Amino acid sequence: MITVSDFPTYRGTMEYVCLGCQARFDIRELYYTCPHCGGVFILEDTSFDSLLEYPASYWQSLFDKRAATRVTALRGVLRFYELMAPVVDEEDIVYLGEGHTPLVAANEALSGIVGAPFYYKNDGQNPSASFKDRGMACAFSYLKHLVRVNDWDSVLTVCASTGDTSAAAALYAAYVGGPIKSVVILPKGKVTPQQLAQPLGSGATVIEVPGVFDDCMKVVEHLADNFRVALLNSKNAWRILGQESYAFEVAQWFGWDTYRKCVFVPIGNAGNVTAIMSGFLKLQKLGVIRSLPRIFGVQSHHADPVYQYYDEADPAKRRFEPVPVTPSVAQAAMIGNPVSFPRVAHYAREYEKIGGPGSFQVVQVTEQAIIEGMLLANRHGHISCTQGGECLAGLLKARELGLVEPSEVSILDATAHHLKFIGFQEMYFENSFPAAYGITPDAKYVNRPRSIMTDADKAALSPEDYTAKASAAIVEALGLARK
Ligand SMILES: *Cc1c(COP(=O)(O)O)cnc(C)c1O
Ligand SMILES: [Zn+2]
């Protein structure tokens, strides 16, 4: 009998593991960068194998039962407690309604265009309207735990952001409150007005610096290395753990059947794709899923360092080189030197060991294809952001290259809500993209409001005449027939 009325009793033995020099560090300290070699960390539960004593069916029904639990701490992404942060206590867990985002099947018309069935997983339906909330729920739960056990009286959280990380960090910090204060550092003019409004509204201190995200990240790293601040970028390995919930939820949605599934993810700083691979690997190890879904990272030709790396077929010849970025409508992924690249390389190797060659691949798409991917999706009832459009462009590209068969089912990550990136749609409809984007609107996707009467026309009419004339103009414009 599985009961989920109580908080889990299992506690893991978690350690930071440096992917550069393999050194291990105690989690009671906050680490972001290896003090020995400057490498990035992953978090490992060295007791994980003890979970293998339970059969796959145990985990499947436990996670399914928790999906309907009333225990607040287990309602969100922490319902995968044993696989995520099995060191925090119930009172530490921060829940703002993250996770449980729906998979929405593409309708017949749209899957017909693609030539294969697929779903969007709407991570824009998280509380701050992007997937970043998954990672923040976990990172803040652990931070709250540290604050409680150490009795810290003040913690300053900082992050560099392409917009959504800061929105999520500011939201969770505002909720947890107490000793936690949030500072977000943004590249000036490189986040959307909506993304800037979010941390301001949550009461965070917002600092704008000139340059692109990669410049901003260097400033934040300098601060984290030399001053007493808690870093909330995806260098913070607790965020990666929270983001693994995306993979767990995809598997759960399909009743733990991931056979012949393909998952498309936009790659920016590469934290998300890392987390998704790590998540599926854990499920596979526990036997909860039998086969690893294939993972397709997607990058714009304007910011494609991970694509460039894997474009070299011979692993021995691959060299990672940061690339300069040029303007991208997939602005949240416009990163030339992804912090999590070593994690991608690590998990891609692990993934291919089990899933075989091609179980992790990266495809490159154009800016034109990204924005039109978004417009195409949303014209068929989705709520995709530009990065979600990048995923559809990636699936179309993969179909064109023969990488995905018509019998495979794809899951596309709509990483944020459409409305966060609405300015790009407007630029497309008004043909006002700066040349650097290289985007030319196609009339078939353009949609603009139609005006039927001027304010001056209206002012000259009586209310009755206004109703009659405005209606007549609409009847003519739409060619309406009388009933
Ligand atoms: C952060 C972000 C990305 C990129 O994810 P990484 O983990 O940095 O690769 C993509 N889309 C949206 C909407 C984001 O906020
Ligand atoms: Zn190291």
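**Helix H6 to start**

Author: Leu-196 lies in helix H6, residues 193-201; helices here are DSSP runs of H or I with at least four residues, strands are runs of E with at least two, and both are numbered from the N terminus. Before we go on, this is a predicted model, where local features need pLDDT of at least 70, side-chain atom pairs count only at pLDDT 80 or more, and totals for chains, interfaces and linings use all residues. Residues are numbered from 1 along each chain as its sequence is written, chains are lettered from A and ligands numbered from 1 in the order in which they are written, and side-chain values use heavy atoms, with hydrogens and water left out.

Reader: Ok. How accessible is Leu-196?

Author: Leu-196 counts as partly exposed, because its relative accessibility is 24%. Buried means under 20% relative accessible area, exposed means over 50%, and partly exposed is in between, with a 1.4 Å probe and protein chains only.

Reader: And what does Leu-196 touch?

Author: Not counting residues up to four places away in sequence, Leu-196 touches Leu-186, Val-191, Val-206 and Glu-208; contact means heavy atoms within 4.5 Å. Its C-alpha is also 7.7 Å from that of Ala-167, 29 residues apart along the chain.

Reader: What about Ala-197?

Author: Ala-197 is in helix H6 too, and is partly exposed at 43% relative accessibility.

Reader: Switching topic: which protein atoms hold the zinc ion (ligand 2)?

Author: The protein donors are the SG atoms of Cys-18, Cys-21, Cys-34 and Cys-37, lying 2.3 Å from the zinc ion. Donors are N, O and S atoms within 2.8 Å of the metal (3.2 Å for Na, K and Ca); water is not among the atoms, so sites may look incomplete.

Reader: What's the arrangement there?

Author: Tetrahedral, because the four donor atoms subtend angles of 95 to 117° around the zinc ion. For four donors, that label needs all angles between 85 and 135 degrees. In sequence the donor residues are spaced C-x2-C-x12-C-x2-C. Cys-18 lies in strand S1 (residues 14-18) and Cys-34 in the loop between strand S2 (24-26) and strand S3 (41-45), so the pair ties together parts 16 residues apart in sequence.

Reader: Are Cys-18 and Cys-34 buried or exposed?

Author: Cys-18 is buried, and Cys-34 is buried as well.

Reader: Now ligand 1. Which residues are closest?

Author: Of the 14 residues that surround ligand 1, the closest are Lys-132, Asp-164, Asn-269, Ala-270 and Asn-272; a residue counts if one of its heavy atoms lies within 4 Å.

Reader: Where do backbone atoms meet its oxygens?

Author: A polar backbone atom of Gly-268 is 2.8 Å from an oxygen atom of ligand 1. For Asn-269 the distance is 2.8 Å, and for Gly-271 it is 3.2 Å. Ligand 1 taken alone exposes 380 Å², and the protein buries 97% of that. Those areas come from the Shrake-Rupley method with a 1.4 Å probe; for residues, only the protein chains shown count as cover.

Reader: What's the phi of Ala-270?

Author: Ala-270 has a positive phi of about 75° although it is not a glycine. Most residues other than glycine have a negative phi. Ala-270 sits in the loop between S10 and helix H10 (271-286), and is buried, with a relative accessible area of 4%.

Technical notes. Four donors count as tetrahedral if all angles lie between 85 and 135 degrees; four count as square planar and six as octahedral if opposite donors are over 155 degrees apart and all others between 65 and 115; anything else is irregular. A polar contact is a pair of N or O atoms within 3.5 Å; within protein, one must be able to donate a hydrogen and the other to accept it, and residues adjacent in sequence count only if both atoms are side-chain atoms.
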